[in-house]
There are 2 protein chains.
Amino acid sequence: MNLITQTISRIRAVESSWAQRAAEKQLELTKPPKSLGKLEEIANRLCAIQETLAPRVEKREIYIFAASHGVSVENVSPYPSGVTRQMVLNFLRGGAAINAFAKIAAAGLTVIDIGVEGEIGETAFNFINAKIAHGTKNLAKGAAMTENEMLRAVEIGIKTAQAARKTGVQLIGLGEMGIGNTTAAAAITAALLKLAPEECVGRGTGADDAMLERKIEIVRRALEINQLEQADAFSILEKVGGLEIAGLVGLCLGAASERIAILADGFITTAAAALTVKICPAVKDYVFASHLSVERGHAALLTFIEQKPLFDLEMRLGEGTGAALAMNVIAAAVAAFNEMATFADANVSDKAN
Amino acid sequence: MNLITQTISRIRAVESSWAQRAAEKQLELTKPPKSLGKLEEIANRLCAIQETLAPRVEKREIYIFAASHGVSVENVSPYPSGVTRQMVLNFLRGGAAINAFAKIAAAGLTVIDIGVEGEIGETAFNFINAKIAHGTKNLAKGAAMTENEMLRAVEIGIKTAQAARKTGVQLIGLGEMGIGNTTAAAAITAALLKLAPEECVGRGTGADDAMLERKIEIVRRALEINQLEQADAFSILEKVGGLEIAGLVGLCLGAASERIAILADGFITTAAAALTVKICPAVKDYVFASHLSVERGHAALLTFIEQKPLFDLEMRLGEGTGAALAMNVIAAAVAAFNEMATFADANVSDKAN
């Protein structure tokens, strides 16, 4: 727990004075005041995160944590559990949606096997083998993982953030792959926000009505058998989380401690971000929402971390695709802030004149 | 009118069979069906526009039509009319928000003086001097332009689209600059959609309450004096439009006739797109909405052209900034469609297996 507690102790809320100074600079740029709307808030917050009036987001990286889920045996997904490993290979070979999106986002893509069932059996320059177990246990029958497994997964996430800092990453996109993980994320959401299972369970990759009912029942059982009424965030993560979600919690903790901005993706990564905010509320200063997922529990999680999504494109894919799409929005907000002329420099009449 | 009627006669609605074939291809790609939401619809429609299953949007160009507005004398904007010329110079020198955004969008930027008051007095490789007049007349006192001026402006837009086709442009972003043009766009919206002025008039670049009331009254007077109850789209454009809006109408007509996809920006460019759709309903197959502007009349125009905005970032700047932001969303939709592996090729289990 040493690395984790040390990391948490280093996290500071951002100083609002930076955002105020940034907002003052915005008023000098050749545009009507606040006419770039949320993009101005984004740039101002990045100034506060990076403690500068010249924020940078050129070096972007999407991290996909991948793990299998024991709950898959309960038939909660239309896809077999083996698809998690197959999709990791697809990521490494460049055939997934996130590969296409990362290119458009000018972002690197790192894939971390933190708990995929079976061996990946392939190497790639952007692949990290950090396998803790061959998937979680079935959360409907007991704890998904041991406390030790959970802590190790969080530590791997923290170390990933530390490595990101060393290579100069300025914007982290959260990504995940794990057949069954909308069930885990729904259980986390229900436990964390004290919501009923039916308020948190969605169709994931495409559950039909019968499967949706089964998912709700599985989440209900998971909450009961794991006795989560009074559980803290780490216990929720251990009992009904996933190894990839634990990795993402560590990544968020580590990124915040290193003052790196974080872009959440959809339901699963936002569940991880929400657990992290519960562990350390100051983390929310570092997290930006990207899109609003179709998945039912997502909006409640975004409210909890006090973030509004930048867009709603009816996406429900995960992998970090929403985060990747949002990266160019962040980049545009920063480019305008850094590159625009002032009224004075451009000889453009300001309102006052 | 010859070029205009010829152009309109060449516009064809897209064939839905292409979108259907594209939708079938989407099902083979390694993602749950429809999990990329609206991005799948975008890619499918681009297939229909370009009549291919390998659509391309690498070559993107934003066209800013700039013109001054006689109605500026009515004090409908917090900025003086001269800002239009000043901002054109700012575009040419790279100091505006759209310059920063275009870079992020990997898009070219062409600025067309179609009616700016005063001489620009500067040359640049991406600047076109197509000045028809030194601004419009005051639409609250009579017709904003003559029929001849309106037709010439539309023709310039058509020729711009023809030039775009020659240089291989695959995605056109609509941009505009013109102090006073939210008043013109509001009058167009009211006349075209038979709405009350107060439903169409917003704060533009930052009108206060008194200015907002004045704008509403000006639009009311413009509609009355110009007798627009039974007017067709070209008459509305002539009587209460702007030279830049007429240019954009031509650009939309030309782009549709050349089968080039069009990205609308905010209120003013969508008013132009809506007039174009009124002139030739098939144009709507070629137009994509980008963002939802804060400006009051925008949503009604989007409904009229049957487009949903991709995002709502509380922007109200114009210049093409929303279109630029949306270009990377379009690019991501196309990249996923073209580059993703199929379930069969990637050895990923589809649901059926």
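The following dialogue walks through a predicted model, one feature at a time.

Reader: Before we look at any feature, what should I know about the numbering and about what is counted?

Author: Residues are numbered from 1 along each chain as its sequence is written, while chains are lettered from A and ligands numbered from 1 in the order in which they are written. Since the model is predicted, local features need pLDDT of at least 70 and side-chain atom pairs count only at pLDDT 80 or more, whereas totals for chains, interfaces and linings use all residues; side-chain values use heavy atoms, with hydrogens and water left out.

Reader: How many of the residues of strand β1 of chain A are buried?

Author: Helices (H or I, at least four residues) and strands (E, at least two) are DSSP runs, numbered from the N terminus, and buried means under 20% relative accessible area, exposed over 50%, and partly exposed in between, with a 1.4 Å probe and protein chains only. In strand β1 of chain A, residues 60–67, eight of the eight residues are buried, so the strand is largely enclosed by the rest of the structure. Both of its faces are covered, with Arg60(A), Ile62(A), Ile64(A) and Ala66(A) buried on one side, and Glu61(A), Tyr63(A), Phe65(A) and Ala67(A) buried on the other.

Reader: Which strand does β1(A) pair with over eight bridges, and in which sense?

Author: Two strands pair if DSSP finds at least two bridges between them. The partner over eight bridges is strand β2 of chain A, residues 107–115, and the pairing is parallel; within it, Ala67(A) stands opposite Gly115(A). Strand β4 of chain A, residues 171–177, also pairs with β1(A) in the parallel sense, over seven bridges, and here Ile64(A) stands opposite Gly175(A).

Reader: How many aromatic pairs are there over all chains?

Author: Rings of Phe, Tyr and Trp (its six-membered ring) pair if their centres lie within 6.5 Å, and planes under 30 degrees apart count as stacked, over 60 as edge-to-face and the rest as tilted. By this rule there are two aromatic pairs over all chains. One of them is the stacked pair of Tyr79(A) and Phe343(B), at 6.5 Å centre to centre with 15 degrees between the planes. Tyr79(A) belongs to the loop between β1 and α4 (83–93) of chain A and Phe343(B) to helix α15 (residues 343–346) of chain B, so the pair joins two chains. Tyr79(A) is buried at a relative accessible area of 6%, and Phe343(B) is buried at 8%. Phe343(A) and Tyr79(B) also form a pair, with ring centres 6.5 Å apart and planes at 15 degrees, so this pair too is stacked.

Reader: Where does the charged end of Lys25(A) sit?

Author: A charge sits over a ring if NZ of Lys or CZ of Arg is within 6 Å of the ring centre and within 35 degrees of the ring normal. The charged end of Lys25(A) sits over the ring of Phe337(A), 4.2 Å from its centre, and in chain B the charged end of Lys25(B) sits over the ring of Phe337(B), also 4.2 Å from its centre.

Reader: What rotation superposes chain B on chain A?

Author: Copies are superposed by least squares on the C-alpha atoms of residues with pLDDT of at least 70 in both. A rotation of 180 degrees, with 0.0 Å of shift along its axis, brings chain B onto chain A with an RMSD of 0.0 Å. The two copies are thus related as by a two-fold rotation axis, and of the residues of chain B, Phe311(B) comes closest to that axis, at 2.4 Å (C-alpha).

Reader: Which parts of chain A does the salt bridge of Glu258(A) and Arg165(A) tie together?

Author: These two side chains, Glu258(A) and Arg165(A), meet at 3.8 Å, N to O. Glu258(A) lies in the loop between α11 (243–257) and β5 (261–263) of chain A and Arg165(A) in helix α6 (residues 147–166) of chain A, so the pair ties together parts that are 93 residues apart in sequence. Glu258(A) is buried at 16% relative accessibility, whereas Arg165(A) is partly exposed at 36%.

Conventions
Salt bridge = Lys/Arg side-chain N within 4 Å of Asp/Glu carboxyl O.
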